[in-house]
Amino acid sequence: MDTDRFAGALLGVHVGDSLGATTEFTSRTQARRMLPANIDDAEIVGGGTFGWTAGAATDDTDLTLALVRAYLATDIGASDAVVEAAADHMLRWMQADPRDIGGTTSQGLRTYERSRDPFRSGVDHGRSQGNGSLMRTVPVALARAHDANRRAAEASALSAITHAHVVCRDACVVYCDLIAGLVIETFARDRETLRGLVASGAADPRSDPRVGAALDAAVDRPVGAVEGVNDAASGWVLTALGLTVAALLDERPAAEVLLEVVRLGGDADTNGAIVGGMLGARDGLSAWPDRWLAALEHHDELTMAARRFADR
Ligand SMILES: [Mg+2]
């Protein structure tokens, strides 16, 4: 199996998270001042609202690691065991008092802390359609790249530990389907082929129609024209998914597209993580400049994990 795309996707989450940590919660104007537009000038520098050190993992990478460790600790075993292990890793992370944690993530993990039932802990009402489960779901796509049924079931169940709303669960499923296709198939990465991939995801009858509509709406939109990035919808899971589709269909090099995404500001680290995972699956590890990769706190562990997932 081609380890390159697996590693590109998993490291891409960390690259996007650590680049976007600088511009999280800023306006577009502020974000553009903080990060240069040119890849050769843009560095992972940390800072931002929470004062990150350069290359530090924020919640997006930390919770992605929780899923990575759950898969590897169970030897990519039974679905229920993976969900239980992931919930335990996530809870331990919360108990260590992270600098930044999303509201729905916190609420779901507190319920899990009391009940120890990861299959009923998630928040399931219309106001909890955040991007907090989509940002951690790349390991599902890689661990289950060859098994569409288990991939869908686990993407949904792992989302529902915290984000049980159907839109969040189905967004994770469709995102993982796209990434799995990109890492295992050998089709050309031209725009027409990728559009076809998105169109078949949008037409999936098992998926909530709101998710398909978000995919369709993003297809002909440049990254900078995706709606909601800097307003009240900035943390909405379908804003992030739309941005990801627009980025996937953008024919520029992945690093350039990702840099534009984090320079939009808003929920920049999470959008960066979600888009970074997709673009790394599209273009492979070489998509990311060596100096960005070298800055990442969890570079070695994610590289090793990508190899394990690819070897299956
Ligand atoms: Mg974050």
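Me: Which residues does Trp-288 touch, not counting residues up to four places away in sequence?

Reply: The model is a predicted one. In it, Trp-288 touches Gly-8, Gly-12, Val-15, Ala-254, Ala-255, Leu-258, Gly-276, Leu-279, Gly-280 and Leu-293, with residues up to four places away in sequence left out. Contact here means heavy atoms within 4.5 Å.

Me: Why is helix α12 called largely enclosed by the rest of the structure?

Reply: Helix α12 spans residues 254–262, and seven of its nine residues are buried, so the helix is described as largely enclosed. The buried residues are Ala-254, Ala-255, Val-257, Leu-258, Leu-259, Val-261 and Val-262. Their cover includes α1 (3–20), α2 (28–34), α11 (237–248), α13 (268–283) and α14 (290–294).

Me: What makes Thr-58, Asp-59, Asp-60 and Asp-269 donors of the magnesium ion?

Reply: A donor atom must lie within 2.8 Å of the metal. The magnesium ion is coordinated by OG1 of Thr-58 and by OD atoms of Asp-59, Asp-60 and Asp-269, at 1.9 to 2.3 Å; these distances therefore meet the cut-off. Along the chain, the donors follow the spacing T-D-D-x208-D.

Me: How do you know whether Asp-59 and Asp-60 are buried or exposed?

Reply: Buried means under 20% relative accessible area. Asp-59 has 7% relative accessibility and therefore counts as buried. Asp-60, at 0%, is therefore buried as well.

Me: Why is the pair of Phe-50 and Trp-52 called tilted?

Reply: Ring centres must lie within 6.5 Å to pair, and planes under 30 degrees apart count as stacked, over 60 as edge-to-face and the rest as tilted. The centres of Phe-50 and Trp-52 are 5.9 Å apart, and their planes stand at 55°, so the pair is tilted. A search of the whole structure finds three aromatic pairs, and Phe-25, Phe-50 and Trp-52 form one aromatic cluster.

Terms used
Residues are numbered from 1 along each chain as its sequence is written. This is a predicted model: local features need pLDDT of at least 70, side-chain atom pairs count only at pLDDT 80 or more; totals for chains, interfaces and linings use all residues. Side-chain values use heavy atoms; hydrogens and water are left out. Donors are N, O and S atoms within 2.8 Å of the metal (3.2 Å for Na, K and Ca); water is not among the atoms, so sites may look incomplete. Buried means under 20% relative accessible area, exposed over 50%, partly exposed in between (1.4 Å probe, protein chains only). Rings of Phe, Tyr and Trp (its six-membered ring) pair if their centres lie within 6.5 Å; planes under 30 degrees apart count as stacked, over 60 as edge-to-face and the rest as tilted. Helices (H or I, at least four residues) and strands (E, at least two) are DSSP runs, numbered from the N terminus.
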